[in-house]
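Me: I've got a structure to get my head around, and I'd like to go through it bit by bit. Can you take my questions as they come?

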Number of protein chains: 4
Amino acid sequence: MMRGGKDGYQPRPEHHFTFGLWTVGNTGRDPFGEPVRFSLAPTHIVRKLAELGAYGVNLHDNDLVPSGATAAERDRIVREFKQTLADTGMKVPMATTNLFSDPAFKDGAFTSRDARVRAYALQKTRAAIDLGVELGATTYVCWGGREGVETNAAKDPRTALAWYRDAINHLCEYVRSQRYDLRVALEAKPNEPRGDIFLPTTGHMLAFIYTLDHPEMVGVNPEVAHERMAGLDFSHAVAQALDAGKLFHIDLNGQQVGRFDQDLRFGSDDPKGAFFLVKLLEDSKWPGMRHFDSHAYRTEDEAGVWDFAAGSMRTYLILKEKVEQFNVDPEIQQLLREPDERPSATGPFDLTALRARGYAYERLDQLTMELLLGVR
Amino acid sequence: MMRGGKDGYQPRPEHHFTFGLWTVGNTGRDPFGEPVRFSLAPTHIVRKLAELGAYGVNLHDNDLVPSGATAAERDRIVREFKQTLADTGMKVPMATTNLFSDPAFKDGAFTSRDARVRAYALQKTRAAIDLGVELGATTYVCWGGREGVETNAAKDPRTALAWYRDAINHLCEYVRSQRYDLRVALEAKPNEPRGDIFLPTTGHMLAFIYTLDHPEMVGVNPEVAHERMAGLDFSHAVAQALDAGKLFHIDLNGQQVGRFDQDLRFGSDDPKGAFFLVKLLEDSKWPGMRHFDSHAYRTEDEAGVWDFAAGSMRTYLILKEKVEQFNVDPEIQQLLREPDERPSATGPFDLTALRARGYAYERLDQLTMELLLGVR
Amino acid sequence: MMRGGKDGYQPRPEHHFTFGLWTVGNTGRDPFGEPVRFSLAPTHIVRKLAELGAYGVNLHDNDLVPSGATAAERDRIVREFKQTLADTGMKVPMATTNLFSDPAFKDGAFTSRDARVRAYALQKTRAAIDLGVELGATTYVCWGGREGVETNAAKDPRTALAWYRDAINHLCEYVRSQRYDLRVALEAKPNEPRGDIFLPTTGHMLAFIYTLDHPEMVGVNPEVAHERMAGLDFSHAVAQALDAGKLFHIDLNGQQVGRFDQDLRFGSDDPKGAFFLVKLLEDSKWPGMRHFDSHAYRTEDEAGVWDFAAGSMRTYLILKEKVEQFNVDPEIQQLLREPDERPSATGPFDLTALRARGYAYERLDQLTMELLLGVR
Amino acid sequence: MMRGGKDGYQPRPEHHFTFGLWTVGNTGRDPFGEPVRFSLAPTHIVRKLAELGAYGVNLHDNDLVPSGATAAERDRIVREFKQTLADTGMKVPMATTNLFSDPAFKDGAFTSRDARVRAYALQKTRAAIDLGVELGATTYVCWGGREGVETNAAKDPRTALAWYRDAINHLCEYVRSQRYDLRVALEAKPNEPRGDIFLPTTGHMLAFIYTLDHPEMVGVNPEVAHERMAGLDFSHAVAQALDAGKLFHIDLNGQQVGRFDQDLRFGSDDPKGAFFLVKLLEDSKWPGMRHFDSHAYRTEDEAGVWDFAAGSMRTYLILKEKVEQFNVDPEIQQLLREPDERPSATGPFDLTALRARGYAYERLDQLTMELLLGVR
């Protein structure tokens, strides 16, 4: 039933499911252990995901083109990759830059205290933008994983913000100068791998955008796991981004609160939160990509990786069906109704009534849980 | 469907569901707001819970007998309460003491730095034990909510532990001297209302028991919310208590990680965790009370309180049914099987094979989630 | 030494230290216990704080004027309070509204699902603004403590944001219509007393401001405890607010990460974080009020309250002195220096050098800690 | 001043400071980045730490002897290492086994679902015990970093506990059979690298010990960072271990609450917590090793590593001096005094007095903070 299925949960390209090459390609290395899986060739990943019903793949520059490749090697790799995309109908809607693996970025990329590192990070990012555009990407994600500190003695945070802004402004200018059809999506994370990362939540990122030279080009890429690490409600952050017209991309996964970055399979740890997220995306008819930024448990071999990928999409579709059910459930909808009357702005107010009334949210939540558990 | 139901999720006394008088009786006061509901008479609570299918109620001394009542008042209250129990068939399986509301306990009860407070706390507890036994309780719970500090300058933690141990030893002696048929269950909590509470988790409590004079009389009362506040897996803690023969009672509710004590309706925020907890209790055929130590949202009126109570029990029964389904699902059970062969203790070991094998946990977890979501 | 002192840590009005009436007036009620201290008359608070060296007090409407007071009572209370201010030279730089204690606000004030509650909340806030302006306040704080949910089934977060925006827009219009010299400062909090509060961090609040009708009138009031509850670096949030010209007010206190709202004495739990916060405020010559939004431990009597107030101010001044020391410490300043040269934007980059270099942050942090511990 | 110093904070062997080979030898690899430092030869580490004033080093088997070394290679490596120990006077008081790096341990070592892995883990541990004893170790630490799950569907936690117990019992039998003078110290951690690790806190580990065949041989190795990850007060856990006679070893470092395992320099993030820990160890005259299980920031080169090591020891000695100061400070000691009188067990109790009294903990804590900040 799970790996295919005639049960209505079969993913298809129109569902806009995407995966990063780095997600299904994750080899299972962690802070305490060596890789447990071999690297998968990008073309192999594309073919497998196409079989499973995905719409496309996303990538960091070095997911496809190894660091240090010659121009000729790069061109050959890109040519073969584009051929595989053409063969399978898969797209590359989003691209990004690896600004965290190289030891040169140990103190950050755009906010390193070393001006040479900041310049190198911009050069590398311009090249990654070129690569992404060549592959058809219309969204460019910036995740500043190393933009932070372990000790606040190291940097004045005002200076770091100024450097960060200079970098994003520079990249927007570059996109404009090249007349690329590309929007920038900023991705926040509170910590890990740095002790504290600048602009730690989707809220901080949204606020930062308004201080840029070209705010209209820049939005956010909220990630379930990153907001949950700080114990924040993810759907609220996404609603704020939607409200501001700034939801340019989204990273779907799972995460337990207050711990290391787990990047769990979407819906596997907090199905209620996942349900309200799918509800928000579907109710608002958000047209963007449903990108799974997660990876298989380290206990898995390659078969487990594809189970993980298939399960991510299935769970989304299961929850989507439940959203439709919620939206037409008569008892639930009845409980959500409030009287239409518009009260006077100046009163008098019947405080006794306002204090006594109940909102029936226990019943509403119980019905929601029963719907989620499939017994309704 | 929810408030009664012919759907197999109808609670009955043999399910051993209990509620504290303080839980359904919670008036909705919180640190920032006044009560939103009137107090409910204990006899009213007993009657309503009996109607809903509960087995019994539990209580703090002052939930039933107000602080400062005369002996005559106390006796009258107890008499009427016992009559209601008899009328409804409801039981009082557990009793406890309020050692936290009175300002006298501001620096703790058993571990207050003031020796007079420590003596008073013991006296109050002996009286509460008498009351509980009179009502038929066979489990006495100790929750040391104020046993802690805001600053470690105030107390040497070794001294505090010694005072704590003296208190529990004293109470055990008292129970023995009275020849009561009563076991003691210690309940841990990491913080709130104190900055840090001594013996903060079920693990610390279990360890403490072995240092007592009568460890055989003492076990634990783990609470979902308290272990989750610290981000710990609740079912693991319960398994350890079961393993040690020390699961004397349990408090079922819901809680998000890393925040104030929410005491949410059981199963309402982490249905996966709730499922594995029910699985553990049912698989181990644990005979104890399923006690709901939680309360209705503050948005609710009295009707919402009973929705909350009914929903708590229904969710347990829904999850119990899913546990039975999990235990006979052929695909799930197949994935759980490992070869029986017993390897040599000294090798040789085929490390290449051990490194390459996958455990299929992504698939196993996806099937579990689909079962939980009712699409399997 | 502590309660006065000729040691250079004596607070004076020019230090701009303020306290809320509700902070030193806190009676020690908590979710599990009754008040432990008597209410203090506002005029008594003003006189005591003036003696201790504070600049002023802040207040919620109902901290001064009880809910339900007649117009005559209100006027008498205000008159006497103003007389005490005049007698002592104390100011009221900030005012706010209590939109959380009254059961009417159980589902929120500006975002209650009940339109009557939303209208009442606005009316109450307009009156509180009038009161604040009458007392001389130039900053009006909005803390939406009840603007949230326990279950996302209850409200679409996009609707809630729209209601929230309508409310702030309405209040800004009111301030303009009255030609008040008053700025609005929004205060974020992630949770408690609601399960999840909308606009949970200073970042989310900052972003929200840009969507208002009069963003120039609105800034933020970050609070140490609220950002720390979510494990975020507070000084980074304050730096972002400063960078955006939006730091209109600040709430100083202490808090341990991932637990209930503690409102500890400033500097008492994380002196390193407090040091970098003071450094940021002093280095940026921020002219605003140093407001202590915290309260004495519940173990304290009234004498303990004044110890708490005096200690809050002393610790700020101690840290301020350490900031001055940090800024002239030759070894620390040497470590903070980077070469001035401006690298080429296009490379080549000496990656080997960038990868090999160290940043000496361990040494820098150790020197900072030794300075903080007073052994340098 | 920092790197040597005639200032009384110069570490010497009698202070019993130890480091793991893996701590100063950490190459700075993390989940998102490659190593930034070269591996340091164990003999180089020993010499450098001896110069800095350490007492000894601790090691995992594979820190010294690479996985897959022949018997001859092992013997040569061990011989050279012992020579360096002899040359420098350094000791190896503790040894442990790497049961987490090898992909074979992906589902755990003692609790892997694969019986072959469990057997291999025991064999590897017996060999590591032999190595440790050969080097003079008298404490053997077990950290079960991979003993856990990402999904509770994978293992019944009761079974996992039984496997865990079998393993420790087996190892105790082995130690007895070899007549080794060796005690076992169990180290808890709540999560990372596994989603949830079994026996997640020092409390759970202490409780587990009482269920073993030879509890007298087994104690705990609490680690600051691991207890702090769960937001628990570390000194309380250590006090409980001391109280039970089970503090066999300790891991000193720093960690912010609710995030990935940071292993920060001791005292660098929570000096107040570090102060009360040092106070507990020194006040109880605990004779064990002060082991620093931490590593330099990833921004550092090798010079930064030695700054880190030197700073760890200096900070301990600075705090030790402050403990002595606290213990003789007349004002602090006066505040800690309570009347000696022993109250009657049966009352009457003067509740009015008990409710009204204050404990002066604000003043006590303020004095403590001023002492800590060096202004007292």
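Me: Where is D:W143 found?
Reply: Before we start, keep in mind that this is a predicted model. As for D:W143, look in chain D among the strands, at residues 139–143. The element that holds D:W143 is strand β4.

Me: Is D:W143 buried or exposed?
Reply: The cut-off to remember is that buried means under 20% relative accessible area. D:W143 comes out at 11% relative accessibility, so it counts as buried.

Me: Which residue of chain A does D:W143 touch?
Reply: Leave out residues up to four places away in sequence, and D:W143 still touches several residues of chain D, including D:F100, D:E187 and D:H226. The list also has a residue from chain A, and that one is A:F32.

Me: How many Å separate the C-alpha atoms of D:W143 and D:L367?
Reply: Along the chain, these two are 224 residues apart.

Me: At what angle do the axes of α10 and α14 of chain D cross?
Reply: Helix α10 covers residues 271–283 and helix α14 covers residues 361–372. Their axes come within 11 Å, and they cross at roughly 95 degrees. Angles of 65 to 115 degrees count as roughly perpendicular. That makes α10(D) roughly perpendicular to α14(D).

Me: And which residues of α14(D) do the α10(D) residues meet?
Reply: On the α10(D) side, the residues are D:P271, D:K272, D:F275 and D:F276. The residues of this contact divide into five nonpolar, one polar and two charged. Over in α14(D), the partners are D:D365, D:T368, D:M369 and D:L372.

Me: What about α14 in chain A: how far apart are its end C-alpha atoms?
Reply: Helix α14 of chain A has 12 residues, and at 1.5 Å a residue they should span 16 Å. The span in the model agrees with that, because the end C-alpha atoms are 16 Å apart.

Me: How many of the residues of α14(A) are buried?
Reply: This helix is mostly covered. Its buried residues include A:Y361, A:L364, A:D365 and A:L372.

Me: Which residue just after α14(A) takes a positive phi?
Reply: Look just past the helix, in chain A. Phi there is about 75 degrees, and the residue is A:G374.

Me: Now α7 in chain A: how many of its residues are buried?
Reply: Helix α7 of chain A runs over residues 202–209, and it is largely enclosed by the rest of the structure. Among its buried residues are A:H204, A:M205 and A:F208. The tally of buried residues is eight of the eight.

Me: Which residue caps the N-terminal end of α7(A)?
Reply: The cap has a side-chain oxygen that lies 3.1 Å from the backbone nitrogen of A:G203. The residue that supplies this oxygen is A:T201.

Me: Over in chain B, which side chain makes a polar contact with the side chain of B:T202?
Reply: B:T202 sits in helix α7 of chain B, and it is buried, with a relative accessible area of 3%. Setting aside neighbours within four places in sequence, its contacts include B:A188, B:P222 and D:H204. The polar contact, at 3.1 Å, is with the side chain of B:E227.

Me: Is B:E192 buried or exposed?
Reply: B:E192 is in the loop between β6 and β7 of chain B. Its phi is near 70 degrees, a positive value in a residue other than glycine. At 4% relative accessibility, B:E192 counts as buried.

Me: And C:K285, buried or exposed?
Reply: C:K285 is found in the loop between α10 and β10 of chain C. It has a positive phi of about 50 degrees, although it is not a glycine. Over 50% is the cut-off for exposed. With 70% relative accessibility, C:K285 counts as exposed.

Me: Last one: what is omega for the cis peptide bond that joins D:G347 and D:P348?
Reply: D:P348 is in the loop between α12 and α13 of chain D. The bond joining D:G347 to D:P348 is cis, with an omega of about 5 degrees.

Definitions and conventions
Residues numbered from 1 in each chain as written. Chains lettered and ligands numbered in written order. Predicted model: local features only at pLDDT ≥ 70, side-chain atom pairs only at ≥ 80, totals over all residues. Heavy atoms only, no water. Axes fitted to C-alpha atoms, helices over the stretch in contact; angles between N-to-C directions. Helix = DSSP H or I, 4+ residues; strand = E, 2+ residues; numbered from the N terminus. Parallel < 35°, antiparallel > 145°, perpendicular 65-115°, else oblique. Contact = heavy atoms within 4.5 Å. Nonpolar A, V, L, I, M, F, W, Y, C, P; charged D, E, K, R; others polar. Buried < 20%, exposed > 50% of the residue type's maximum accessible area, 1.4 Å probe, protein only. Polar contact = N/O pair within 3.5 Å; in protein donor to acceptor, adjacent residues only side chain to side chain. Expected span 1.5 Å × (residues − 1).
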